[in-house]
Amino acid sequence: MTTFQIPPGYEVDLGNLAAFDKRVGIEGTPVEVATQGVEPLVHAIFSLPVLESDEAKLVSLPNGAFHLPRAKPIPKERALTKWEKFAKEKGIQKRHRDRLVLDDATGEYVPRYGKGSKNALDRDVILPHKESMGEDYDPFAQKRKEKKQRIKENTKKHNSNLGRAAKGRRAQINPVHALDVGKAGPSGKKFLPKKGLKDSLAIAQRSTASAGRFDQKVTNEPKAKLQGRKKKFQTIVDKKALGKEKERSQKIAERILMGRK
Amino acid sequence: MRPLTEEETTQVFEKLAKYIGPNLKKLIDTPDGSYCFRLQKDRVYYVSERTMRLATHVARDSLASLGVCFGKFTHHKNFHLHISCLEYLGKYATHKVWIKPSSEMSFLYGNHVLKTGLGRITENTEHGAGVVVYNMGDMALGFGLTARSTVECRKAAPTDIVVLHQADLGMYLRSEDSSPASAL
């Protein structure tokens, strides 16, 4: 087979299985032009070295030359967790530990964690009781409690790490959607995050035709803050009419005195 | 320093009206010159117009006080009257209470006025009214709120509280730190 040469004006990008017709002054119908353009591409594919395979002829495509622009921005790298940051600073290397540890009591190898490990709750048949702790002290319950505490702390740290990592990548939550987000509190009931709720309420209050000015409020509903309006104070010394200020004060005084009657 | 907004003025006047009632107008319409209220650092000052104009020449940070401090706005925008306005309250008070010499010191230490200490009380004072407390020599000692109306006072037991203490002259010594003069 004679080596096929790509005719001038054509570019073949094997990685993207594309052929570009860059000739100037192309003549002919699009169908004819396209048919002509397919030929270099097919030749190029068949000129690739064939890989061994039982099922079919396989070729390995090289990397494409044409790079499509990214649709989305490059994702930021995952933020380091608190420990990773610290370890990096101090130069602590990761040490891989064995899964099985020697248990002195039995002389056998037990897993470091999980079922059958030394920390497992079902391991202890007898636990020492301290007289100083009193009658109600239950060492088994104490162990269970401590384990729960550890788990709680760890999940909290894990979540804060995740939060820190997601801070850069997360788009700003639309405050109105904050109503859907609920975290289960200690009693198991779901709470609405306070900050989002305030913002959502403010938005809901002014989302009426009259911007919330004439709406009936529910009992204990906080007054809508007039957002975006700067406080305008009277001038300290009204040179033109100090009488004006007096008038204003008098009006207010009258109103109050009338109200008291 | 700035003038009070309408809301703030309403709050201040309402508080004052509790003690001086219709005489509130006399505070605004003084015969011997125009006085006005000004706000500086959450404190309300009653100051003559001339003094106020002079005070505009002082930088805001450097201005400690002007005129008479009537009271201050708390963090949550409630208004509290201060002892320093006693002079005016005493002059224009509508309801007055005179206490016996025996319980004068007790009141000046910040205690409430009991029935035993009550000397005189103006007629038709209702429950919860603002009153100015005087000693038998007609000297204003402080102010407070009535715990009982005049009628109830007569029936009250000796140890019942008659006037709830709010401010007294002793505060000049006790609360030196928080007094307006120490805003320096």
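## Salt bridges and a sheet: worked exercises

In this predicted model, Asp21(A) and Arg23(A) form a salt bridge, with 3.0 Å between the closest N and O atoms. Let's start there.

**Exercise 1.** Work out whether Asp21(A) and Arg23(A) count as buried, partly exposed or exposed.

*Solution.* 
- Step 1: get the cut-offs. Buried means under 20% relative accessible area, exposed means over 50%, and partly exposed is in between.
- Step 2: take Asp21(A). Its relative accessibility is 25%, so it counts as partly exposed.
- Step 3: take Arg23(A). At 31%, this residue counts as partly exposed too.

**Exercise 2.** Find out what the salt bridge between Arg255(A) and Glu6(B) joins, and how exposed Arg255(A) and Glu6(B) are.

*Solution.* 
- Step 1: check the contact. The two side chains meet at 3.5 Å, N to O.
- Step 2: look at accessibility. Arg255(A) has a relative accessible area of 45%, which makes it partly exposed. Glu6(B) comes out at 51% and counts as exposed.

**Exercise 3.** Arg174(B) forms a salt bridge with Asp168(B). Classify Arg174(B) and Asp168(B) by accessibility.

*Solution.* 
- Step 1: the distance. The closest N and O atoms are 2.9 Å apart.
- Step 2: the arginine. Arg174(B) is partly exposed, with a relative accessible area of 39%.
- Step 3: Asp168(B) has 0% relative accessibility, so it counts as buried.

For context, a search of the whole structure turns up 12 salt bridges over all chains.

**Exercise 4.** Trace the sheet in chain B and name its edge strands.

*Solution.* 
- Step 1: write down the order. The 6 strands run β7-β11-β10-β9-β6-β8, in an open sheet with mixed pairing.
- Step 2: pick the edges. These are β7 (113–114) and β8 (118–121), each of which pairs on one side only.
- Step 3: zoom in on one pair. Strands β6 (residues 96–99) and β9 (residues 130–135) of chain B run in the parallel sense, paired over 4 bridges.
- Step 4: find a facing residue. Trp98(B) stands opposite Tyr134(B) in β9(B).

**Exercise 5.** Which strands of this sheet does helix α1 of chain B touch?

*Solution.* 
- Step 1: locate the helix. Helix α1 of chain B covers residues 6–20 and packs on the sheet.
- Step 2: list its contacts. The helix touches β9, β10 (140–146) and β11 (161–168) of chain B.
- Step 3: read the angle. The direction of helix α1 makes about 105° with that of β10(B).

Methods: Residues are numbered from 1 along each chain as its sequence is written. Chains are lettered from A and ligands numbered from 1 in the order in which they are written. This is a predicted model: local features need pLDDT of at least 70, side-chain atom pairs count only at pLDDT 80 or more; totals for chains, interfaces and linings use all residues. Side-chain values use heavy atoms; hydrogens and water are left out. Two strands pair if DSSP finds at least two bridges between them. Helices (H or I, at least four residues) and strands (E, at least two) are DSSP runs, numbered from the N terminus. Contact means heavy atoms within 4.5 Å. Axes are lines fitted to C-alpha atoms, for helices over the stretch in contact, and angles run from 0 to 180 degrees between N-to-C directions. A salt bridge is a side-chain nitrogen of Lys or Arg within 4 Å of a carboxyl oxygen of Asp or Glu. Buried means under 20% relative accessible area, exposed over 50%, partly exposed in between (1.4 Å probe, protein chains only).
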